[in-house]
Amino acid sequence: MTSATTDAPLARLGRLMVDNPLLPLVVLLFALIGVLALLNPAILSMFWASNTLKIAIPLAMLAACQTLTMLTGGIDLSAGTAATVAAYVTATATPLIGAPGAIGIAMTCALAIGMVNGVGVAFARVHPLIMTLGTGLIATGCLLVYQRSVISTGTEYPALLVWLGTGRTLGLPNGLALFIPFAILILWAQRRSGFGRLLYAIGSNEAAARLSGVRVWQVHLALYSLSGVIAGLTGLLYLGMVKTASLSLALPLDLPSVAAAVIGGTSIFGGRGGYGGTILGALILTVLATMLTLLQMPEGGRRILYGAIILAVTALYIRLTDRG
Amino acid sequence: MSPPAALLDATGVAKRFGAVLALRDASLQVAPGQVVALMGANGAGKSTFVKILTGALKPDAGHVRIKGQDSTVASPAGARRSGLVPVYQEPSLIPDLSVADNLRLGDTPVDRFRHWVGALGLPGLRQDALIRTLPLASLRIVDLARALAVEPDVLLLDELTAALPTDLVERVLSVVRAQADAGRAVIYISHRFTEIAAICDRATVLRDGQTVGDVAIAPGIEDTIVEMMLGAPVTVAARSARATGAAASDAPRLRVRGLATGTRLTDVSLDLRQGEVLGVVALEGQGQDELFDVLAGNRRATAGTVEVNGKPVAFRHPADAIAAGLTLVPGDRAHALLMQRSVRENIALPLLARLGTWGAIPIGAERSRVGAAIERLQIDTRAQGEVRRLSGGNQQKVTIARWIAKGVQTLLLFDPTRGIDIRTKQQIYVLVRELADQGAAVLFYTSELAEVRMACDRAVVIFGGRVVDVIDAADADEPTLLRAAYGLTATAGVPA
């Protein structure tokens, strides 16, 4: 009797969530902001909102790499490294050859990492998890070698990137000037482009896609190359934001980018989800981090809670939306 | 016949799966010294019966006794302990372990295993060879030798000789016969009448989940057995002289010559003309899967040629076949559908497959093409959303609609009506005929013999990887097809 009464609304909630998968994420985001307001009412301000957006943007961009690859049942664990490589190369090459050349080289490096992933996944049929983990390690190694050779030249941050990363216009972070067109493009591609459809098709049933005439290798090669480029862009933006060239620059974004995609409802098994949820996932993670900081817990406790909340949210979300 | 002495005695076995009564009254007795063939057409309940005999399933009624001991509640291990050892069509060996390790897993006496491997014609088999490195024929021998080594009282052999080369077949048959002569019992399941005639004493025939006959093997018994499997008397229809080369100048849409894949498909030749529905009839595993896979670009042939409209082709990818107008509806819908995606995305998939269509989707054009295909096949789209929520019949329609939307030239249908309701089946027959009338060519494999008359113009019969007969639909009654499918084409001398 009791189970029936608790089951029915739960089932109804589940159906609502299946139809509007983004709704519960919006509710969760505002619930977290509500908790934040209870903890410290003074914190909620235009400045805080703007700051949260600013921090969430690079995370949401890097999470695009995870979302797109996860739609096909893959993942891109080299995205953080590709971002770091792009940032580091830009910072160290700008004093030598100027900003445009440095950014060009940096993006080429990021694209190259993505293409190597693509070749490995498409032709050698290496599992994306292994392939991107491997290229990530190799790229980190190359960066170490590179660091030794350029140690004396110093670093410089292109003005455009600093403007994008730290500037504000009308109280909003300038990063939105990059992010809004980017997000619109990704959302459009996932719904309205043939390439986007093929990502879902391959993730749902690769054999069926093949039998329908899809040359899966083309999609994989293009997808991982694109992922490399997106990671590179993220690295540039992040560099302008933190203005430090370090070998572990984008490391703090690496696993949260996976978490943002998963919380946003993209299935790691492929075929389900989308970038809209990922953007909300990135915002939720950012607000959550602020909240945990406010709680003034020791670092260890904060991390434990952060991980536990991600697991709980994801488990609940999947349980509720995955009704046959 | 001495029932009390039977080594295996199964009587009145029944089994229901939900609403389906798979077995109603199946019986089988095998006395020591006998080889008994267990026979039945598709859907007769043979595989369910085998699963019950070997303890993999529990019967709802009836009993199975091995050496007089009730074994109906037993597991596969229990059946094995009481003396029944099965050897299945797919070798039950672990690929990443060596032969010796596999033997150790099953507690097989190694010396006797070695003896039997030698007797079966593979004396040079290395015990440390990894299973995955051995050819399929050797695996069958290893599996059989392993079973013989435990000296079972009852041996159950399921399609043992499929994919064995002829010299090994002879050895295997003589070893099996010798087992019976030594006082053991053998249940022999095979599609090959010649083997049954060579080693079996009796045949037990299943039809519609019931044992309908038990006959001694004698020359000319084949017709009686086919009759029992069908439940109707065999009347070999007067066959009209085969229409050959009537329009020889006209290149057929699809011309296949000597096609082989190195495994089950050994030598298939056929012509498929524009406007024709050509049936393909074969028992399970006679090479029809491989034939369709090659034609759809999903597998490469090792020998033979394929011509489309007179031009030789060699497909390396399904995309090549689609470009040549050959489109496949595979037998398993799970291989064709994006279960989590919408009907529209499923139907539109081939339209977006090529590199040139990666950009913006022409939404309006897509909607109208998909809509027209849905309309034509009368797909019930009330269950909006994911394809997995559709009924089996509607799912099958989606897989066909995909190619209607793309434009049909040569349609390869692999058992398109399996497991779907009768109304949808009728719709598919009508659709196939319409497509042919509009100039398509259709290759139609079916596991339901009655469909040949309903849907096809002619049928090729494949047995052992070869075309053994070509039958006009008018002559394609079930007995004729079934006889041909069992390789019994003795009609050559019959005057028209």
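In this predicted model, Phe179(A), Phe182(A), Ala183(A), Ile186(A), Leu187(A) and Gln190(A) of helix 8 of chain A meet Tyr275(A), Gly276(A) and Ile279(A) of helix 13 of chain A. The residues of this contact comprise seven nonpolar, two polar and no charged.

**Helix 12 of chain B**

- Helix 12 of chain B runs over residues 363-377, and its 15 residues should span 21 Å at 1.5 Å a residue; the end C-alpha atoms are 21 Å apart, in agreement with that value.
- Its buried residues are Ile363(B), Glu366(B), Val370(B), Ala373(B), Ile374(B) and Leu377(B).
- Viewed down the axis of helix 12 of chain B, the buried residues fall within an arc of 105 degrees, so they line one face of the helix.
- Gly364(B) and Glu375(B), on the other side of helix 12 of chain B, are exposed.
- The packing partners of the buried residues come from both chains: helix 8 (175-192) and helix 9 (194-204) of chain A, and helix 11 (343-348), helix 13 (392-406) and helix 14 (422-437) of chain B.

**Helix 8 of chain B**

- In helix 8 of chain B, residues 222-230, the buried residues are Ile225(B), Val226(B), Met228(B) and Met229(B).
- These residues cover an arc of only 160 degrees around the axis, which places them on the same side of helix 8 of chain B.
- They pack against elements of chain B, namely strand 3 (35-40), helix 7 (193-199), strand 9 (202-207), strand 10 (210-216) and helix 16 (478-485).
- Gly231(B) follows helix 8 of chain B and has a positive phi, near 75 degrees.

- Most residues other than glycine have a negative phi.
- Gln378(B), which is not glycine, has a positive phi near 50 degrees.
- Gln378(B) follows helix 12 of chain B and is in the loop between helix 12 and helix 13 of that chain.
- Gln378(B) has a relative accessibility of 49% and therefore counts as partly exposed.
- Glu159(B) is also not a glycine, and its phi is positive, near 50 degrees.
- The loop that holds Glu159(B) lies between strand 7 (154-158) and helix 6 of chain B.
- With 9% relative accessibility, Glu159(B) counts as buried.

**Arg177(B)**

- Arg177(B) is part of helix 6 of chain B, residues 166-181.
- Its relative accessibility is 19%, so Arg177(B) counts as buried, the cut-off being under 20%.
- Apart from neighbours within four places in sequence, Arg177(B) contacts Gly33(B), Val35(B), Ile199(B), Cys200(B) and Asp201(B).

**Cysteines**

- Zero disulfides are found over all chains in a search of the whole structure.
- The closest cysteine sulfur to that of Cys65(A) belongs to Cys109(A) and is 16 Å away, too far for a bond.
- Cys65(A) is buried, at a relative accessible area of 0%.
- Cys109(A) is in no disulfide either, and its nearest cysteine sulfur, in Cys142(A), is 9.1 Å away.
- A pair of cysteine sulfur atoms has to lie within 2.5 Å to be a disulfide.
- Cys109(A) counts as partly exposed, with 27% relative accessibility.

Methods:
Residues are numbered from 1 along each chain as its sequence is written. Chains are lettered from A and ligands numbered from 1 in the order in which they are written. This is a predicted model: local features need pLDDT of at least 70, side-chain atom pairs count only at pLDDT 80 or more; totals for chains, interfaces and linings use all residues. Side-chain values use heavy atoms; hydrogens and water are left out. Helices (H or I, at least four residues) and strands (E, at least two) are DSSP runs, numbered from the N terminus. The expected span of a helix is 1.5 Å times one less than its number of residues. Buried means under 20% relative accessible area, exposed over 50%, partly exposed in between (1.4 Å probe, protein chains only). The arc is that of the directions from the helix axis to the C-beta atoms. Contact means heavy atoms within 4.5 Å. Ala, Val, Leu, Ile, Met, Phe, Trp, Tyr, Cys and Pro count as nonpolar, Asp, Glu, Lys and Arg as charged, and the others, Gly among them, as polar.
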